[in-house]
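Trainee: I have some terms to check. Can we take them one at a time and hold each value against its cut-off?

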Amino acid sequence: MNFAVVSRVVVAFASANLALVAYIVLRRLLQHPSDPKREACRARYESALDDLLAAPGESEAASLLTYDDDWEAEELQGAILSRADLLRGDSLEIMTRAFVDSGLFEARVKDLGHRRVWKRRLAADALGRCGSQDAVRHLVLCMRDNDDDVRSIAAKGLGKLRAVSAIEYLVSLFRDIADRSCVSVADTLISFGSEALPALLAASGDPGSSERTLYWVLRCLESVGDPTGAVRAAHEAGSHIAPALSHESDRVRAAAAAALGRLGAPSDLGLLRDAFEDPVAEVRRQAAAASGRIAGVDAIPALLHLFADPDFDVSYSSSRALLSLGEPAVDAAQSLASTATGMAYKRALEVLDSAGRTVAL
Amino acid sequence: MQRQKHILVVEDDALARGIVGRRFARLGWRVSEATSDEGALETLAAAAGDIDVVVTERMPLAFNGFDLARRIRALQGPAAATPVVVLSGLDRPSDIAAVLASGANGFVSKPFDLGDLESEVARVMVLRDEADPKAARP
């Protein structure tokens, strides 16, 4: 091959690259118009959307919600979603309709299958904020995406859409998603509040639940608690959570004690008996706090027993839990102070001091 | 001729201010806007009792309680009785109680529905007219 041929190939290659770069730059310039043009476009959309919200019956504004270019679609989507974030009820429905009727919903659903991960993330975010219940099934499918962020964003969207139908599915995800995604799923489940309790309780008592599922489900139960008091009144939590109190995993036993403390009935105190003697201090600490919460003054003997626990945190948690039980508990601490020695004696004195009682030494 | 009702929207977020303002303007109200408590108090003082209702969005902790309602109640003259509706993202019963204890008359939780806000504004105005028939405006 002579020199002339080689130089022609090099020049042709360089020209092709130059043309490609010029094409990309030109395309970006055309797709990203100057700020004033974008601002004018955004103002037009915002004005039309605010008109729709001000007078929902008038359809003239809706006819302005069209676009020819991607950047216009971006502006319209931003204007719709920023309003959707602020609104609910009929007003949110107007924004949802604008999102669907303008074709943005369909475009974002299509983007969920895009090879570029940022496109999928943006699409999941938009669908979670648009207010349409039709987005639920698409977001549920997103939970199988191989990108953690897509899954986290989709889980958040399901919570925002109050997708109660997805609760059981969300619980089942704990089995096989990464810990980082478990946090997002747990946050979503917690955001459902008491609506998530039946599915969470069922999973906590399911012998087929994996260690990870149990741990996260119990953490969710602890966070949700029993806002209406219905679970406690029905004595429902104990039977579901009891098996987890004797699970081989330390963190599951600790989480089970904490969850029982938020949802258990006074009669569940006996379920914590083994937890008071658990070899793991964190389990004993959670059991101490839980017993005070669920059993009231009935927990006094168990708490006094834990005053002598060799672990500082367990002993301290017991005295705090006891102090929250009022005068009968302080009386019990006073009796203990007259007979106990060592750590138990010290804790009893602390309780009396905190309660404002003086002790003759 | 029927007097045009007048609403003061106090909101630092232009988006929410615009949505609320435009809705009430479409309903035939005169709309004034303020982006701060000070601006709102100045507008109220200048209007000399001409404002029918104040809609404000406030985070209680950042403003040391629902300060605007309290400061409106401390004004001299008819402006002190202007009904106040608070829009807030905090909607626990204790938050609502704190809003009402500060002197506000109504509460709408965020995210909000414009229809609910309209109803709440109508409700506080009826309450004001019942409490002080002389303040009732045609």
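**Labels and their cut-offs**

Trainee: Where does His235(A) lie in chain A?

Mentor: In the loop between helix H13 (230-233) and helix H14 (237-245) of chain A. Helices (H or I, at least four residues) and strands (E, at least two) are DSSP runs, numbered from the N terminus. Residues are numbered from 1 along each chain as its sequence is written, and chains are lettered from A and ligands numbered from 1 in the order in which they are written. This is a predicted model: local features need pLDDT of at least 70, side-chain atom pairs count only at pLDDT 80 or more, and totals for chains, interfaces and linings use all residues.

Trainee: Why is His235(A) called partly exposed?

Mentor: A buried residue has 20 or more other C-beta atoms within 10 Å of its own, an exposed one 12 or fewer, and partly exposed is in between; the C-beta atoms are placed from the backbone. His235(A) has 13, so it is partly exposed. Its phi is near 50 degrees, a positive value in a residue other than glycine.

Trainee: What is the phi of Arg162(A), and where is that residue found?

Mentor: Phi is near 55 degrees, again positive in a non-glycine residue. Arg162(A) sits in the loop between helix H8 (148-160) and helix H9 (167-173) of chain A. With 13 C-beta neighbours inside 10 Å, Arg162(A) therefore counts as partly exposed.

Trainee: Why is Ala340(A) partly exposed?

Mentor: Because Ala340(A) has 18 other C-beta atoms within 10 Å. The loop in question runs between helix H20 (327-337) and helix H21 (342-354) of chain A. Leaving out residues up to four places away in sequence, Ala340(A) touches Tyr345(A) and Ala348(A). A contact means C-beta atoms, placed from the backbone, within 7 Å.

Trainee: How do you know whether chain A is a compact globule?

Mentor: For 361 residues the rule gives near 21 Å, but chain A has 30 Å. Its C-alpha atoms fill a box of roughly 100 × 70 × 40 Å along the principal axes. Chain A has 21 helices and 0 strands, and 43% of its residues count as buried.

Trainee: What makes up the largest nonpolar core?

Mentor: A nonpolar core is a set of buried Ala, Val, Leu, Ile, Met, Phe, Trp, Tyr and Cys residues joined through C-beta atoms within 7 Å. The largest has 139 residues, and Leu189(A), Val217(A) and Leu260(A) are among those with the most contacts inside it. Helix H15 (residues 250-263) of chain A gives the largest share, 9 residues. Beyond its neighbours within four places in sequence, Leu260(A) contacts residues including Ala237(A), Ile241(A) and Ala290(A).

Trainee: Now chain B. What pattern does it follow along the sequence?

Mentor: β-α-β-α-β-α-β-α-β-α. That is 5 helices and 5 strands. Of its 138 residues, 36% count as buried.

Trainee: What makes strand E1 and strand E2 of chain B a pair?

Mentor: Pairing needs at least two DSSP bridges between the strands. E1 (residues 6-10) and E2 (residues 30-34) of chain B have 5, in the parallel sense.

Trainee: What is the hand of the β-α-β unit of E1(B), H1(B) and E2(B)?

Mentor: Right-handed. The test: with the strands pointing away from the viewer, the path from the first strand over the helix to the second runs clockwise.

Trainee: What kind of peptide bond joins Lys110(B) and Pro111(B)?

Mentor: A cis bond, with omega about 0 degrees. Pro111(B) is in the loop between E5 and H5 of chain B.

Trainee: How many residues does each chain give to the contact?

Mentor: Chain B gives 14 and chain A gives 12. On the side of chain B, H1(B) gives the most, 7 residues. By class, that side has 6 nonpolar, 2 polar and 6 charged residues. Ala, Val, Leu, Ile, Met, Phe, Trp, Tyr, Cys and Pro are nonpolar; Asp, Glu, Lys and Arg are charged; the others, Gly among them, are polar.

Technical notes: Rg over C-alpha atoms; globule rule 2.2 N^0.38 Å. Contact = placed C-beta atoms within 7 Å.
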